[in-house]
Amino acid sequence: MIRIEIAKIFGSHLPSKVIKSFSWELVIKFKSHNRNGPFYSKIEPAKFLIHYSSVYYDCDKNYDASSGEITSPSLSHLKIERIYCVYTIKAPKGRRLTLEVIEGRSIIHSCSSYMQLGMLRGENLLVFQGNPNFGQIVCIDPVLNSQSTNYIFESTMNEVIVNYEFIRDNPVGFRIKFTSDKLSICGDLIDTSVKGKLEISTEYFSSIYCKWDFTNYNGTLVINANIKVNESKIISSYNNIISISNEDESEILKTYTQKMSNMNDKFTVLSPLPTTKLLVKANKYSINFTANFNYFINSCGGVIDGQKTLVEITSPNYPKNFQQNTNCAWLINFPEGENVNIHFNEMDLESSCDNNYVKIHDGPSPESPVLVKYCGNNLPDNLVATSNQIWIEFSSDSPNTNKKGFNLTLESTQLGCGMFYTSTSGKLSTKNYPNLYPNNDDCEWTIAVWPGNRINLQFIDRFSLEQSINCSKDYVQVYDYRNEQWVPIGNRLCGRQIPPVFKSSETKLKVRLRTDNDVQGDGFKAIWNSFCGGVFTERSGKIISPNYPKKYPNNVRCNYTILMPGKLIELTFKSFELEDFKCRYDNLTVYSNSFGVEDEKNNFIGSYCGKNVPNKLTIKNRITLIFVTDVSATFNGFEILYELPTCGGEISAPGIIKSPISASNMGKYPNDANCTWIIRAPPNQVVWLVFTEFQLESNYALSDENCPNDAVFVFDESDINSNNSKGLGEFCGNLNNKLPKIVSRTNTLFVQFISDSSISEKGFVGEVSFSYGEASGCGGTIRLNKSNTASGYILKTPKLPVKSIMDCGWLILAEPSYVVQIQLLNYTEIPKCPVNTTDCRCSSIKFLDGPGRMAFEIYQYCMGKISTPSFTSSGNEAFINFLTYNLDVDVDFEMKITSVISICGPKLLAANSETQILTSPNYPLSYDNNIICSWTIESDNLGSLIMLNFTDLDMADNKDCKSDYLEIQYEQFMELYSIKLCHNDHMFNIISDNYVKLKLHTDLQKTSKGFRLEYKNTYCPPVYDKHYGRVAIYSGRNHNRECTFSIILSQQNLTISAYFLNSIPMYSYDLKVYDGPNILSPLLYNLSNENSELRSAFSTGPSLTMTFKDRRVLFGASLDFSYTSSDQGRGCGGRIFNIEGIITSPMYPSLYRKDAACKWEIAVPRPNPIRITFRVFDLGTKTTCNTNYLELYDHNQVTDQMSLVAKYCGGDVPADHVSTTGSIIIRYITTVHNTGSGWVLSFM
């Protein structure tokens, strides 16, 4: 095979275009050379980074033809997950294109769906018109051909782009025929020697793309634009509607964007250029407007190629008075590498710069930086331009004038010895280069670029300075500006060897030339350009986008690499604002790799865009960030901080340990932290670790793994030696209401803190102290076996060798099927505690239900409290914690510990497809006082739900659940809920993913008959019979399944209201709602397409039926709604008891014109407060406040009393309200004169 060289790259210049192979193979050859010289000792080795991707060979095509056919590529024989094809069609000038889609109508997108939602499906076909090389494209809407019933696309000119995208699944493909039989609607070559007018409007076209070329042979082309905007729907506020440029579109003279648009706009553009391009493009979905362009030639101005050293520019008719309404523009081009001195010889203009001025730009267009804008008659100072091109404009809109105008001289020069540059690229050289430079020169060239950019400096062509030892005579020194001071980069440069490339670390670079009075040389020439990205190796720093906090430029690709081998790197996004279009155009992509980004699929972390600030990231070894922008909209960019978190260490004295804090994370701990503290007490003592603050990420899933996310793990030295992975405990979540307290068994304690890459919290603070432990009788393990089951075990106060504050813990272990029973026989304090003894200030004993100090506390006893009977654990493990706080008080206690058979039954229950029953002990007889029972119900079928259906719940005579209660932990849609139930009003169906945990707790007071519930596995519970409840269905991996269920109530005068909380994701399922007990009942509504609206459902009777079908491919869909029933009329009132939900006014969003008084009681499980938020509130106008209004009451669930909070009516905006009672009442009064759409209320 013969290989053809496509490109040869050297130095630091990146190729301007993407390199494409001609076949399936591309060979890259890399070669570097060793170089010696005084300035090579500290130079980095040669290196490069290339990103490559494969493109299907039959995908991107250009068609230069008047007619033809395009078909999608055949993908059946290729294993391709994604393909993106662009087909460009160019017909003869003066024609416009018509495309007819013969096959593939199902994958066509309208412009509105594309602009608002982006690409949603796996296969897409879109048509644009315009030039994709400059981002000048606009979407074309498909129109149905009534004769062929095929969709057609029509352009306004002769260029069209077809975009085809396919992602996974089975491709549909397409076939398109195109013709160009019709004349173009707009665009042409215009001779401006004759005045003229153009008019274009979006009124008759959904998509416009028009381009005109204005010719100008003598003078200044004047274009006066008048724009009338009828309607603007900003989809991308920075889209150019109008663009005026030079012939090759490399220099922009004027842009008019959608963000600038007002109802009526006018502007004037002056162009001395031989050819000026006018582009108008728009889509009716973004803006509806009419634009008029009046054009003519003024016989002044023009393009001057400054081959002469001096060029004189004057106002028209100078030195006589210039005429009114004069507009002129000049473009002066001097040889490359030269600067321009500007000298004003005379200035006689109007005093106001609003109507009469001369403006000079340092560059080749009116978009170049403005050097000056002058008016009046004061002679300006001389100026020096850094560019070799100057744009000058003169404008006089004054009705009458007797002014002469201006006269100025432009002189090209080679300043040679120093300059301050602020442009993005340029050249510098010694004076007289390539001839001998002068003696005794001391020159400095300073280059400064925009924030977020760096400078690349490269010496080119010839380099010749006097050679000397250590370059002590003539030399060049390059400086970097770091931390607000100039720092030399490498050694001085001299001799004849071309120096290496220099890169700044920040935004400034300086080059200094120093020559003596001896030997001369030819000097040097260097070029520079600004670039973004770089390698960062400092322990902390900041990365910002180019030009930050101003808008970043178009068409940039920045590679930022943070390199910290063996260390964690923490990224914190302080601000973030990129174009938000599904990250298709502008994006910041993060990779994690120790050695680069060769395997992007495995190293990919995330791609970010829009205005949502990304979460903190912590990555080890190396982070690569790739920032890419396109040709259109730009925004303010980003600011990112990075740093290395540190933590852990050895402790041998009392003190404090804390989780590490990230200063850039608002005081929270970093992600991916791994800290270990080794705490050693003196011999024969133990370590006390008492947390005073503790808030880590919670365990959001019901899992056998206690803390799968962020956690603190505590181990005794004996655990390490015996490989006991459980240790003394693992802790996570917010434990500030029950702070952990750990006592070691030996004199050494290991504390490990680990965080993952997601949520961070405030962390923890722990106090470390030392005392006596198990070896001195303070704590240990007590095993209750067959030998001591009957007689029990007697535990007494430990006797320590030295009087000390104590924190002793005993783990009690009974045989399986037994529980631990503890009876306190004696407890005395001598002398009596001097403080309030009921607060247990001097000493206490805690009885805990489970192993360790963090187990559920059954009871805490101390002097002054009422003596209690025995306590019983819920399982075969219990813990006794003895504490003393006062050295002046001696404590003596004695207790009996025995094991008894559990009255609670098995702790682990398996749910299956059959209905099973769980009751409180002795049900339906009264349960015992002072008992704790725990159960866990697990599903035997992964992907099924567990449904609890209460048939009886009677545990207290009030609803506050402070004494006897049943606590339930369950999971819905990956969220963990915990509620307490105790009253008959609390009964509702509970549906949980995976499994449910229940704990029954009774006190020493009254007893009741308890509870009875039914449980089973189900994907689709067929019937709900409670008067209120919550329905949650999640298909999980069971895609394309259908579930039909009914709410059927026995009371015939009731109606049902169903309020939908959410659906995940929207439009991923079919939902049909029927007004009756089955699918033969009347259909209320059908949610089966993207135009359907998920809204509340209101039955006319005591039953409601729904059919739910998941139609997602990758992940399951979910349905979640709460419902209630009422005898007050359809949708009018009811009761809801749940952890969260939504309620709406009757028949919302339809008008409810009826004389009614509706009442809702809304309650959440105690002891939680309830918070309500009105998402929508529209009761019409204030004029109906006496007859149409809503009243909000706090409701005391214990006393059943109501207290008015607020009354709202038309025009009001209700504030959020929190009630500590956990219950509120809504009273809604309406009449037939009601004009508002109603309200929507959420609670939690």
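This is a predicted model: local features need pLDDT of at least 70, side-chain atom pairs count only at pLDDT 80 or more; totals for chains, interfaces and linings use all residues.
**Aromatic pairs**

The structure contains 46 aromatic pairs. One of them joins Tyr-669 and Phe-753, with ring centres 5.1 Å apart and planes at 80 degrees, so the pair counts as edge-to-face. Tyr-669 sits in the loop between strand E46 (655-658) and strand E47 (674-680), while Phe-753 belongs to strand E52 (residues 748-754), so the contact ties together parts that are 84 residues apart in sequence.

Another pair brings together Phe-1045 and Phe-1121; here the centres are 6.2 Å apart and the planes lie at 20 degrees, so the rings are stacked. This pair links distant parts of the chain, for Phe-1045 is in strand E74 (residues 1042-1048) and Phe-1121 in strand E80 (residues 1118-1126), 76 residues apart. Both Phe-1045 and Phe-1121 are buried as well.

Ring pairs also build a cluster, made up of Phe-536, Tyr-552, Tyr-560, Phe-573, Phe-576, Tyr-608, Phe-627, Phe-638 and Tyr-642.

**The protein as a whole**

Stepping back, the secondary structure amounts to three helices and 89 strands. The protein has 1244 residues, and 51% of them count as buried. Among contacts between residues at least 6 apart in sequence, 80% join residues at least 24 apart.

**Backbone features in loops**

Most residues other than glycine have a negative phi, and most peptide bonds are trans. With that in mind, the backbone angles in the table deserve a look.

| Site | Feature | Angle |
|---|---|---|
| Tyr-318 and Pro-319 | cis peptide bond | omega about 10 degrees |
| Tyr-923 and Pro-924 | cis peptide bond | omega about 5 degrees |
| Asn-555 | positive phi | about 55 degrees |
| Met-1147 | positive phi | near 65 degrees |

Where do these sites fall? Pro-319 is in the loop between strand E21 (310-314) and strand E22 (326-333), and Pro-924 is in the loop between strand E64 (916-919) and strand E65 (932-939). Asn-555 lies in the loop that runs between strand E39 (540-544) and strand E40 (557-577); with a relative accessibility of 55%, Asn-555 counts as exposed. Met-1147 has its place in the loop between strand E82 (1141-1144) and strand E83 (1156-1163). With a relative accessible area of 22%, Met-1147 is partly exposed.

**A buried lysine**

Lys-510 is part of strand E36 (residues 508-514). Why does Lys-510 count as buried? Its relative accessibility is 11%, and buried means under 20%. Leaving aside residues up to four places away in sequence, Lys-510 touches Glu-444, Trp-445, Thr-446, Gln-477, Val-478, Tyr-479 and Trp-486. From Lys-510 to Ile-489 the C-alpha to C-alpha distance is 9.9 Å, and the two are 21 residues apart in sequence.

**Cavities**

How many cavities of 30 Å³ or more are there? The count comes to two. The second largest cavity holds about 30 Å³ of space, and its lining consists of Val-820, Ile-822, Phe-847, Leu-848, Ile-858, Phe-871, Thr-872, Ser-873 and Ala-878. Strand E57 (818-830), strand E58 (843-849) and strand E60 (871-872) are the elements that give two or more residues to this lining. By residue type, the lining of the second largest cavity divides into seven nonpolar, two polar and no charged residues.

Conventions
Residues are numbered from 1 along each chain as its sequence is written. Side-chain values use heavy atoms; hydrogens and water are left out. On a 1 Å grid over the protein atoms alone, a cavity is a set of points where a 1.4 Å probe fits but cannot get out, and a pocket is an open set with protein on both sides within 12 Å along at least five of seven lines; lining residues have an atom within 4 Å of a point. Grid points are joined across faces, edges and corners, and a volume is the space filled by probe spheres set on the points. Helices (H or I, at least four residues) and strands (E, at least two) are DSSP runs, numbered from the N terminus. Ala, Val, Leu, Ile, Met, Phe, Trp, Tyr, Cys and Pro count as nonpolar, Asp, Glu, Lys and Arg as charged, and the others, Gly among them, as polar. Buried means under 20% relative accessible area, exposed over 50%, partly exposed in between (1.4 Å probe, protein chains only). Contact means heavy atoms within 4.5 Å. Rings of Phe, Tyr and Trp (its six-membered ring) pair if their centres lie within 6.5 Å; planes under 30 degrees apart count as stacked, over 60 as edge-to-face and the rest as tilted.
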